[in-house]
Amino acid sequence: MPVEVTWWGHATCTIEDSNTRVLTDPLFARRLAHLRRRRGALPPPGAHRADVALVSHLHADHLHLASLARLAPGTLLLVPRGAPRAVPGLRRLDGPRVTEVAPGDEIAVGGLVVRAVPARHDGRRLPVGPHRSPALGYVVEGEARTYFAGDTGLFDSMADEVGPVDIALLPVGGWGPYLGEGHLDAGRAARALAGLAPRSAVPVHYGTYWPIGMDAVRPHEFHAPGDEFVRLAAEFAPEVAVHKLGHGESVRLEVAR
């Protein structure tokens with residue numbers, strides 16, 4: 001059975017595997033604080049439906065309470081351990097069933113097993129927030145093993161801690177003209193791809209949100225990361241098939257074990 005990946009923009013994707021729908025870092029807002037969605041229509045209501053939703057870390061563009069409130073009642077919502085303490089609004093959500101996870105935890109849902117893996121990223125809700133939660137990636141295992149990296153920097157033990165994967169959803173950019181530490185740009189994502197060695201990859205986390213009033217500031221950082229990743233992946237990991245999707249586009253991937 002093929003696995004289907006749909007990119008809705010930023011870090012929000014739907015993974016359909018083994019008749020189970022997984023939604024990553026749901027963000028359904030046209031505007032978020034100083035950020036405006038500049039490219040791609042908002043995900044349609046059907047994109048809100050999932051069996052399990054994954055939150056990688058507490059930053060507001062990844063843990064967005066108003067978007068999480070649109071999940072159907074009973075949706076399993078995996079969040080980093082300590083998130084409800086750091087973000088009390090999680091405890092007030094009526095619909096999803098919030099479950100805290102840490103690296104190494106495995107959760108069975110439908111025909112899948114979801115495993116939390118480490119990421120190298122500041123996982124606090126605010127830069128000076130009093131409570132810490134780990135930033136996570138996730139490996140979704142069913143017909144395929146799909147790695148959703150969340151937000152992360154490149155680190156030496158990434159391939160060992162993530163393990164063998166068939167599909168990698170890797171961030172290749174950001175929402176502003178400069179990327180700080182703990183992020184992958186197109187070049188670092190291509191080097192991560194070489195270490196992970198999946199069969200297929202999809203670049204995410206670029207070309208969607210941008211600070212209001214900064215359209216003319218380093219615009220190539222908004223437009224170029226996807227194409228740059230395709231170019232560099234062909235150099236660093238030529239055996240990997242890279243699928244650069246437009247907003248709302250899907251790819252069906254056959255996986256042979």
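Predicted model: local features only at pLDDT ≥ 70, side-chain atom pairs only at ≥ 80, totals over all residues.
**Entry 1, the pocket.** I began with the largest pocket and noted that about 530 Å³ of space lies in it. I then listed its lining, which comes to 26 residues, and I wrote down that His59, Asp61, His121, Trp175 and His183 lie nearest the centre of the pocket. Sorting the lining of the largest pocket by class, I found 11 polar residues, 9 nonpolar residues and 6 charged residues.

I next turned to an open sheet of 3 strands, in which the order reads 4-5-15 and the pairing is antiparallel. I asked myself which strands stand at the edges. They are strand 4 (31–32) and strand 15 (209–211), and because each has a single partner strand, one side of each is left without a neighbour in the sheet. I followed strand 5, residues 35–37, across to strand 15 and noted that the two run antiparallel and are joined by 3 bridges. For one residue I recorded the partner by name: arginine 37 has tyrosine 209 in strand 15 as its bridge partner.

I located tryptophan 7 in strand 1, which covers residues 3–9. Is tryptophan 7 buried or exposed? I have it down as buried, because its relative accessible area is 1%, where the cut-off for buried is under 20%. Setting aside the neighbours within four places in sequence, I found tryptophan 7 in contact with a list of residues that includes Thr12, Cys13, Val204, His205, Tyr206 and Thr208, and also Leu245, Gly246, His247, Gly248 and Glu249. From that list I picked out glycine 248, which is 241 residues away from tryptophan 7 in sequence, yet the two C-alpha atoms are 5.5 Å apart in space. I also noted that the side chain of tryptophan 7 reaches the backbone oxygen of histidine 10 at 2.8 Å.

I ended with serine 18, which I placed in the loop between strand 2 (12–17) and strand 3 (20–24). Serine 18 has a relative accessibility of 16%, and therefore I count this residue as buried. Its side chain makes a polar contact, at 2.8 Å, with the side chain of aspartate 17. Not counting residues up to four places away in sequence, I recorded that serine 18 touches Met1, Gly111, Leu112, Gly142 and Glu143.

Definitions and conventions: Residues numbered from 1 in each chain as written. Heavy atoms only, no water. 1 Å grid on protein atoms, 1.4 Å probe; cavity = no way out; pocket = protein on both sides within 12 Å on 5 of 7 lines; lining within 4 Å. Points joined across faces, edges and corners; volume = space filled by probe spheres on them. Nonpolar A, V, L, I, M, F, W, Y, C, P; charged D, E, K, R; others polar. Pairing = 2+ DSSP bridges. Helix = DSSP H or I, 4+ residues; strand = E, 2+ residues; numbered from the N terminus. Buried < 20%, exposed > 50% of the residue type's maximum accessible area, 1.4 Å probe, protein only. Polar contact = N/O pair within 3.5 Å; in protein donor to acceptor, adjacent residues only side chain to side chain. Contact = heavy atoms within 4.5 Å.
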